[in-house]
Amino acid sequence: MITIKCCDIIRIKRGDWVVLTRESLEKNQIGVYAAALIAGGIAGWASPRIGAFLEPMVSFGIAVLLFSMFCQIPFLKLKEALSHGRFMGALLLVNFVFIPLLVYILIQVFPQPSPVLIGVCLVLLTPCIDYVIVFTQLGKGNEKLMLASTPVLFIVQMIMLPFYLWLFIGQEAAQIVRVAPFIEAFIYLIVVPFLFALAVQLSANKHSRGLKLLDFTAWLPVPLMALVLFLVIGSQVDRIVKDFDVIIAVIPIYVLFHIVSPLASRIISSAFRIGPSDGRALIFSAGTRNSLVVLPLALTLPGGMATIAASVIVTQTVIELIAELVYIKIVPNLIYRDLKAA
């Protein structure tokens, strides 16, 4: 007799019952995202009216997506992450010292106009707090430790991001970024979903209904992210094509970033004497960025600047997904092999 959890989805294939688990959905999420990107591109390319219809849905879609992602972040288990002092020290050093230094060097080598620069800095200076966990697992890293570390990454990046923008872009950032819409987007698209997610986690600790709701939200990130990618690409593809010269200019920055960051993280993991599993988690954290969390912040920029910054961020997402396919193969087999297992 086969027991099936209520949260599993069942479909029929050639007369057999097949159970689609959340784990299998997460492991195949790259294909799901690729399909969403292609579908969104085709839809937006087919007619500008479709893009105009999809655009108002983007912000709401991102807010719901972030709620579902925040529900999976163990904010109530901060002590667990902080107890791994050596790993946390390396994680903070990589993401908030080395990566900013790398980004600064890249934007000096490949100078960009201010709207493009803001988009590049927004996305590259913020470490991922969601699908990095799945990529870490696929790359044979310590996904549990990565999951426990996400609250720290989230809090620190929200504190440090304004400082980095001021440091790297200076007075130009102050003139371009309108404070009121930026704060409004941060509150309604990040703080509010975060508070709702925290309420769900607190409820799950006390009530069975809360636990069921938290379990249900675990299914949402992959389909919702696919939906958001569809909405973003579908609404922006016409503008992206018009700004194609801008997109081409930032590709070298992203490619070099994804080449240098894992190699440098490997060196730092050795310096901190971190084992293979934890070291791989560090590598994936360094190479995976928080594109969908900062996208709503980019959309608060005035006029055409928002379009350019959003296009730059979406471009990074596409390149990153390709890089992750490479990472899950070469990180455990080449960059950080487990010599004892071999």
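A cavity is a set of grid points where a 1.4 Å probe fits but cannot get out. In the present structure, which is a predicted model, a search of the whole structure for cavities of 30 Å³ or more returned two.

The largest cavity has a volume of about 50 Å³. Its lining consists of V228, L229, V232, I233, S291, L292, L295, I313, V314 and T317. Three helices, α13 (221-242), α16 (291-298) and α17 (304-335), each provide at least two of the lining residues of the largest cavity. Among the contributors, α13 gives the most, with four residues. In terms of residue class, eight residues of this lining are nonpolar and two are polar, while none is charged.

The largest pocket holds about 950 Å³ of space. It is lined by 33 residues, of which R22, Q72, I73, I133 and L147 are the closest to its centre. Two or more lining residues come from each of α1 (22-27), α2 (29-46), α4 (57-71), α8 (132-138), α9, α12 (208-217) and α13. Helix α9 supplies the largest share of the lining of this pocket, namely four residues. The lining of the largest pocket comprises 19 nonpolar, five polar and nine charged residues.

The geometry of helix α9 was examined next. This helix covers residues 143-169, and its end C-alpha atoms lie only 34 Å apart, whereas a straight helix of 27 residues would span 39 Å at 1.5 Å a residue. Within α9, a kink of about 40 degrees is located at S149, shortly before the proline P151. At the start of the helix, a side-chain oxygen of N142 comes to within 3.0 Å of the backbone nitrogen of L145. Just after α9, G170 adopts a positive phi of about 65 degrees.

Helix α14, formed by residues 244-271, contains 28 residues. From the first C-alpha of α14 to the last, the distance is 41 Å, close to the 40 Å expected at 1.5 Å a residue. Just after α14, a positive phi of about 55 degrees is found at R273.

Terms used:
Residues are numbered from 1 along each chain as its sequence is written. This is a predicted model: local features need pLDDT of at least 70, side-chain atom pairs count only at pLDDT 80 or more; totals for chains, interfaces and linings use all residues. Side-chain values use heavy atoms; hydrogens and water are left out. On a 1 Å grid over the protein atoms alone, a cavity is a set of points where a 1.4 Å probe fits but cannot get out, and a pocket is an open set with protein on both sides within 12 Å along at least five of seven lines; lining residues have an atom within 4 Å of a point. Grid points are joined across faces, edges and corners, and a volume is the space filled by probe spheres set on the points. Ala, Val, Leu, Ile, Met, Phe, Trp, Tyr, Cys and Pro count as nonpolar, Asp, Glu, Lys and Arg as charged, and the others, Gly among them, as polar. The expected span of a helix is 1.5 Å times one less than its number of residues. The bend at a residue is the angle between axes fitted to the seven residues ending there and the seven starting there. A polar contact is a pair of N or O atoms within 3.5 Å; within protein, one must be able to donate a hydrogen and the other to accept it, and residues adjacent in sequence count only if both atoms are side-chain atoms.
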